Amino acid sequence: MAFFQRICTFLLLGALLAPTSLFAQEAAATPKTRASARADAAAAAAIPPSAYNAHPKLGIILVIDQFREDYLERYRTDFKGRGFKLFLDKGAYFPDCYYDYANTKTAPGHSTIGTGAYSDGHGIANNDWWDLTRNKDRPISSVEDERYALVGAPADSKPAAGSSPRNLRASTVGDELRLATAGQAKVFGISLKDRAAILPAGQAANAAYWIDAQSGAFITSTYYQPQLPDWATVFNASGRAVQATQEAQTFAAAAASGTASMAAPEPATNFYNFVGKTPAANSYELDFARSLITGEQLGTHPVTDLLTISLSANDILGHAVGPDSPAERAMVDSLDTDLDSFFTWLDKNVDGGLGNVWIALTADHGIAPIPSEAAKLGINAATIDMKKLLADLNEAMNAKFSPGEKVNYVFDRQELPILSLDQPNFERAGINEQEAEDAVLAAMQPAVDSLTTPTETASDAAKGKPVGPAQTRLPPTPVLVRAYSRQQLAAGTYPSDEFGQILAHSYSPNGGWYVMVIFSDYQMEGYPGGGTTHFSPWSYDRHVPLGFYGAPFAAGIYHGRVGPVDLAATWAGLLGINQPSASIGHILTQAIKPAAAIVYPKPAPVRTHAVRPERGKTAAPAAKPVSQP
C-alpha cells in the first residue's frame, strides 16, 4: 500500500511539473526564434531591391506609336487624373529625348527601345526591305518568318507567314531579364502590329501578341507557342472586338470636320484600318493587357516580370490627319483617360499597387506636319514624286549600262530614306555593287532636279521674256541634302560630326545593295489624298517623350538631351541585370533616388513561431497542408 502511494505521488508531481517545464523550454526558445526572425528580416532588408527579389513585381514599357514629345506640352492643360500626369507630375520626365539615327521608322524605333542600341547595333533599319534570297516579288517585313506559322488566326483570314525576331541582332532588356533569372521572369509583348509586339520584347520572350488585321483577333506565332493560351482564346471570343468597332464608329461620327478619313462613319470592313485609327483601338489593346496580366499572373512571381505594350492607333490616324488635326488632339486626350483607367486597374490588381510597378513611357518616332499645311506658312515642304524619281533613275541606268532597253535597276516599290537596287539586273550587265551604287548616286541630283515644276518666272525666262520678281510665294522645291551608298555607310565614310554619328547609327547590312537618300527637312514622298509620314534625321521625326514612374525614380522634369537608348540601360542597371548585348545607352542617374530613399510596399507579415493558446482554451488543430501542383 505504501509503495502504491509513493507511485501515485510521483506521477502526480510529474503531472504538475510537466507544464512548467514545457513552458520554460518554450520561453527559452522563443527569444532565439524571434531573434532569428529579426535577423532574417534584417538580412532581407540589407539586400538591394532588384529583379531577383521581385523589385519591382512588374515592369511595363509603354510605347505610343508616332507620338511626338510636344503633344504633352501642347495639350497638357487637357490632362486629368493620373494618365500622362503620372509621368509629368509624379514621375521622372525627360522632355528633350531624341533618337540619334536617320531612319525613324516603327521597326527600328521599337528595336532601339528594347535593345538600347541603334540600327548599326540591332540590325533593324526599316519596316521592310528587299531580300531576294527569301522573296523575289516583294520586300519582306522586319519580322516575317516563313519557317513558322500564325497561331489563332481565324479560318477566313488572308494566309500569311509566321513571325519571329529572327532579324534582331541584339538582346533586349527582356531577354537579359529572362537570362538572369534562368527563365523564371515572364516577358510578353503586345501591339496591333506584329513588329511592334515582337521587337521590343526580344528573342527570349514567352510570347508576343498582335492582331489579325481583318477580324481584330489577337494572334501569335509558333515561334512562341503552338496554340493560344485559354485566357487569350476567351478574350477573342468575348465580343470585345465587336464592341471596339461600335466605339470606333461613334468616334468617327464625332470627328472634327476637315479630317477626311474620320469625317463620318464607314463600314468596318477591316479592323486594323477602321478601328485602328480611333481611340477604341487603344482601349482594346489595354483590355487585352489586363487579360494577359491576369491570365499569366504577372507580378506574382519571386522575380520581376515585364510587359511591353505598343499602342498603334496614334500612328494609323496620324499618317492620315497629321499632328495638328483636332482629331489628333481628341486621340491624345482619349488616351490620357484610358491610361488613367489602366493605371488605376494596376494599382488594384498588382500586390502592393503601383508602388510595386515600374512604368516607362516613350515613342518609336515622331511625325512631320502635312506638307501642304507647312507650305502655307512658308516652309519649303516639297512633296517628292517617287514614281517619277525612280523612273528617272532607271532611265539614267539604262542609258549608262543597257542603251535602248528598259531594265528596272532600281525597284519600283520603295520608301524613303532607303532606295534598294536590283542586284541581279546589275550583275547581268556585268556591274558590281560599288559601280552600281556609285552610278545611282551620280544620277540622283539630276533626277531630283527634274522633280521641280517650272515656275511662271522660269517659263518666261526660257522664252526670252523679261523676268521680274515673283508677286506671290513660289511653290516648294525638292532639295537633296545628302546621299550615301551602302558601302560608304558600311565603311564609315561620312562626316566626323553629329550628323555623321546619326548616319553611322542608321546602317544595317539588311536590304542588299542600296543607297540612302536624305531630302531637306519637311520634305517627303507624296500620298494619295494628302497625309504625312516619318523617316528622316530631322528633329520632328526624332523627338519623343521619355518618362519613368516607380519606386527608384525621383519625380521631376529633367532637361538636357537624352535618348531612347537610355531606357534599357537605366532599367537594366536598377534591376541588377546585364545591359542588352549591343546597348550604348546611359543610366539616367540624375533621376534615381539615393538607395536609402527607395522604398517598396512591405509584404504582409509572416508568423515565425507557434502561438501559445490562452489558458483555459484549446489550440485549434493545425491546418492540413495543401498539395502544390
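Student: When α9 passes α11, is the crossing left-handed or right-handed?

Tutor: Note that this model is predicted. Helix α9 spans residues 240–254, and helix α11 spans residues 279–295. The way α9 passes α11 is right-handed.

Student: At what angle do α9 and α11 pack, and do they run roughly parallel or roughly antiparallel?

Tutor: Their axes lie 8 Å apart, and the packing angle is about 155 degrees. Angles over 145 degrees count as roughly antiparallel. Therefore α9 and α11 are roughly antiparallel.

Student: Which residues make the contact, and how many are charged?

Tutor: From α9 come R240, A241, A244, E247, A248 and F251. From α11 come P279, A280, S283, Y284 and D287. The contact includes 7 nonpolar residues and 1 polar residue. The number of charged residues is 3.

Student: How are α12 and α13 arranged, roughly parallel or roughly antiparallel?

Tutor: Helix α12 is residues 313–321, and helix α13 is residues 326–349. Their axes come within 10 Å and cross at roughly 170 degrees. That angle makes the pair roughly antiparallel.

Student: Which residues of α12 and α13 meet, and how many of the contact residues are nonpolar?

Tutor: α12 brings A313, N314, L317 and G318. α13 brings A327, E328, M331 and V332. By class, 2 are polar and 1 is charged. The nonpolar count is 5.

Student: In the open sheet of 3 strands, which strands stand at the edges?

Tutor: The strand order is β14-β16-β15, with antiparallel pairing. β14 (418–420) and β15 (480–485) each have a single partner strand, so one side of each lacks a neighbour in the sheet. On average, neighbouring strands are turned by 25 degrees against each other, direction ignored. The edge strands are β14 and β15.

Student: What is the bridge partner of I418 in β16?

Tutor: β14 and β16 (residues 514–519) run antiparallel. The two are joined by 3 bridges. In β16, I418 has as its bridge partner M516.

Student: With which side chain does the side chain of R134 make a polar contact, and at what distance?

Tutor: R134 sits in the loop between β3 (128–129) and β4 (140–141). Neighbours within four places in sequence aside, R134 is in contact with I140, E144, D145, E146, R166 and N167. R134 and E146 are 12 residues apart in sequence, with C-alpha atoms 9.0 Å apart. The polar contact of the R134 side chain is with the side chain of E146, at 2.9 Å.

Conventions. Residues numbered from 1 in each chain as written. Predicted model: local features only at pLDDT ≥ 70, side-chain atom pairs only at ≥ 80, totals over all residues. Heavy atoms only, no water. Pairing = 2+ DSSP bridges. Helix = DSSP H or I, 4+ residues; strand = E, 2+ residues; numbered from the N terminus. Axes fitted to C-alpha atoms, helices over the stretch in contact; angles between N-to-C directions. Parallel < 35°, antiparallel > 145°, perpendicular 65-115°, else oblique. Left-handed = near helix turned anticlockwise from the far one by under 90°. Contact = heavy atoms within 4.5 Å. Nonpolar A, V, L, I, M, F, W, Y, C, P; charged D, E, K, R; others polar. Polar contact = N/O pair within 3.5 Å; in protein donor to acceptor, adjacent residues only side chain to side chain.
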